[in-house]
Amino acid sequence: MKPTREQLIEALCREYEYLCHDDFDPDEDLTPEQYLEMVETLSYDELVSETGTDKEYTLEDYLATYG
């Protein structure tokens, strides 16, 4: 199953919010809204790359966690 662009953006934003929840630095980190604006400019391949997935931690694993 190939995820849609929208599914990737949603999962990336969920991951970002999770990572920033306890460790947000307003001087260095984008707000969730700014991050969304940034990922919306990425191509499909760039979105997949942004997930940090590979053969061991697959895109399916990533989507099961954040999708």
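Predicted model: local features only at pLDDT ≥ 70, side-chain atom pairs only at ≥ 80, totals over all residues.
**View 1. Aromatic pairs in the structure.** The model contains four aromatic pairs. Two of them are shown in the next views.

**View 2. A stacked pair of tyrosine 16 and tyrosine 35.** These two rings are stacked. Their centres lie 4.1 Å apart, with 5° between the planes. Tyrosine 16 belongs to helix α1 (residues 5-20). Tyrosine 35 belongs to helix α2 (residues 32-39). The pair thus links distant parts of the chain, 19 residues apart. Tyrosine 16 is buried, at 14% relative accessible area. Tyrosine 35 is buried as well, at 6%.

**View 3. A tilted pair of tyrosine 18 and tyrosine 66.** The ring centres are 6.3 Å apart. The planes meet at 55°, so the pair counts as tilted. Helix α1 supplies tyrosine 18, and helix α4 (residues 59-66) supplies tyrosine 66. Tyrosine 18 counts as exposed, because its relative accessibility is 58% and the cut-off for exposed is over 50%.

**View 4. An aromatic cluster of four tyrosines.** Tyr18, Tyr57, Tyr62 and Tyr66 form one cluster.

**View 5. A charge over a ring.** The charged end of lysine 2 sits over the ring of tyrosine 44. The distance to the ring centre is 4.7 Å.

Methods
Residues numbered from 1 in each chain as written. Heavy atoms only, no water. Phe/Tyr/Trp six-rings, centres within 6.5 Å; stacked < 30°, edge-to-face > 60°. Helix = DSSP H or I, 4+ residues; strand = E, 2+ residues; numbered from the N terminus. Buried < 20%, exposed > 50% of the residue type's maximum accessible area, 1.4 Å probe, protein only. Lys NZ or Arg CZ within 6 Å of the ring centre and 35° of its normal.
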